[in-house]
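User: Please take me through this model by asking what each term rests on. I would like every label set against its definition.

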Amino acid sequence: MTTARDAAEISAPAKLHGEVSLPGDKSITHRAILLNAMAEGEARISQAGLGADCMRTVQCLRSLGVDIQFLSDTDLLIRSSGSQGMQEPDEVLDCGNAGTAMRLLLGLVAGLDAFSVLSGDASLRRRPMSRVTNPLRLMGAEIYGRNGGENPPIAVNGGRLEGIEFELPVASAQVKSALLIAGMIASGETTIRQPALSRNHTELMLATQGVQIDANGLTLTIKGGQRPNPIDVRVPRDVSSAAFWLTAGAIHPQADLMMPGVSINPTRAGVIDVLRRMGAQIDIIADNNGTEPTAGLRVRSSRLHATRIDGEQVPIVQDEIPILALAATQAEGRTEIRDAQELRIKESDRISTTCRELNSLGANVEELADGLIIEGPTPLNGAVVDSHDDHRLAMCLGVAGLVADGTTTVLGADSASVSYPSFWPELARLSLNSA
């Protein structure tokens, strides 16, 4: 593989063997930094996934007066006076491409006695925020933004919040987390009713920090006026990043890959379940040593068959659907992905872009209003494809190049740095070592 400017060229290696280096989990890194910034005292975050997205969280919190020091490329030291000691930012809080950063920060700044403006890049400014801003308004925050608060830039005049009861229109860990953060600062109780299970990293971390959250099925209640305790966090390896290599190992004809210390939180690791259901040979070697369950993962070349992904399973594999669609192109039969319309408002319209780019490589993918139909197996042929500046699509297409005939050129390859800055060097290393 060679990388030039913002394009990556990939050719299929004869075999794909070795141990994969993964970044720290992006979702957990965001929360470990922000929730410890809300605590009074010191906390060390190690093995953090400090891609472009999480760096935005760091920079925004620094603008709020939090002392965050880098001890290494993956370790941080946070010294904070807690949310009560945060200052009004004198600049726009630039969230870049990070939807998680913006939504969680909205929950925080809504409860601060301060005026804040949050914005981001062109992609983020198109993404909907009203699912967060509307309930925060009900709690008492003054919020203004484009299209009635639907799109950034968003201005927040924060202050005294009051707890509410709120039913989420869709299962969303980001919206749920924003309301838990705001509810922790607010007076009274905040009750959140979820339509389906979503990632529970925020609940797990807050519980470890001594914050009381009562759970009754899909209903969560948090008492206001609580202050989290600072905790040291060793971030597990990112399972969404592991998904690319799990798929690569399953679809490559001569593969054997190992990934140590990966998060297997059941609200997050649905991609492992789906791939195993499709016939992927994935071994799980438990090695848990913290709040979040972790394991070593081993994947070997597999014979895959089609599956169906829909309903309540979609929220826990939402980020992995592009790479699962690639797996389906190499699986026997007809795979259907339904109820995934939320993919249209991600970094790209992931339903449309995944369909278009996989078909450019020779796949047989049909676009639906709420998902995809993939017929397989189909041989893939190298071509020039485009990431549409979507990090997950860029890496999906890179993995496709590992099994395609000829050379695959991925335009916009640099977008992978949003979540996995070392993805292309890692792909090159594994391809070279396996030659």
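Analyst: Pro322, Ala325, Leu326 and Thr329 in α11 meet Arg350, Thr354 and Leu358 in α12. This is a predicted model, where local features need pLDDT of at least 70 and side-chain atom pairs count only at pLDDT 80 or more, while totals for chains, interfaces and linings use all residues. Residues are numbered from 1 along each chain as its sequence is written, and side-chain values use heavy atoms, with hydrogens and water left out.

User: What are the angle and the distance between the axes of helix α11 and helix α12?

Analyst: Helix α11 (residues 321-329) and helix α12 (residues 350-360) pack at about 35 degrees, and their axes are 10 Å apart. Axes are lines fitted to C-alpha atoms, for helices over the stretch in contact, and angles run from 0 to 180 degrees between N-to-C directions. Both names come from DSSP runs numbered from the N terminus: helices are H or I with at least four residues, strands are E with at least two.

User: Why is the crossing of α11 and α12 called right-handed?

Analyst: A crossing is right-handed if the near helix is turned clockwise from the far one by less than a right angle, and left-handed if anticlockwise. The crossing of α11 and α12 is right-handed.

User: What makes β5 and β15 edge strands of their sheet?

Analyst: That open sheet has four strands in the order β5-β6-β4-β15, with mixed pairing. β5 (67-70) and β15 (233-234) each have a single partner strand, so one side of each has no neighbour in the sheet. Two strands pair if DSSP finds at least two bridges between them. β5 and strand β6 (residues 76-81) are joined by four bridges and run antiparallel, and glutamine 69 has leucine 77 in β6 as its bridge partner.

User: Which helices lie across strands β5 and β6?

Analyst: α1 lies across β4 (40-46), β5, β6 and β15, at about 30 degrees to β6. Helix α2 (residues 52-63) lies across β5 and β6, at about 140 degrees to β5.

User: How do you know that β9 pairs with β10?

Analyst: Four bridges join β9 to strand β10 (residues 151-157), and the two run antiparallel. Glutamate 142 stands opposite asparagine 157 in β10. The open sheet here has the order β7-β8-β10-β9, where β7 (93-94) and β9 (142-145) are the edge strands.

User: What makes the peptide bond from proline 152 to proline 153 cis?

Analyst: Its omega is near 0 degrees, and proline 153 lies in strand β10. A cis bond also joins glycine 376 and proline 377, with omega about -5 degrees. Most residues other than glycine have a negative phi, and most peptide bonds are trans. Glutamine 47 has a positive phi near 60 degrees and lies in the loop between β4 and α2.

Notes:
Contact means heavy atoms within 4.5 Å.
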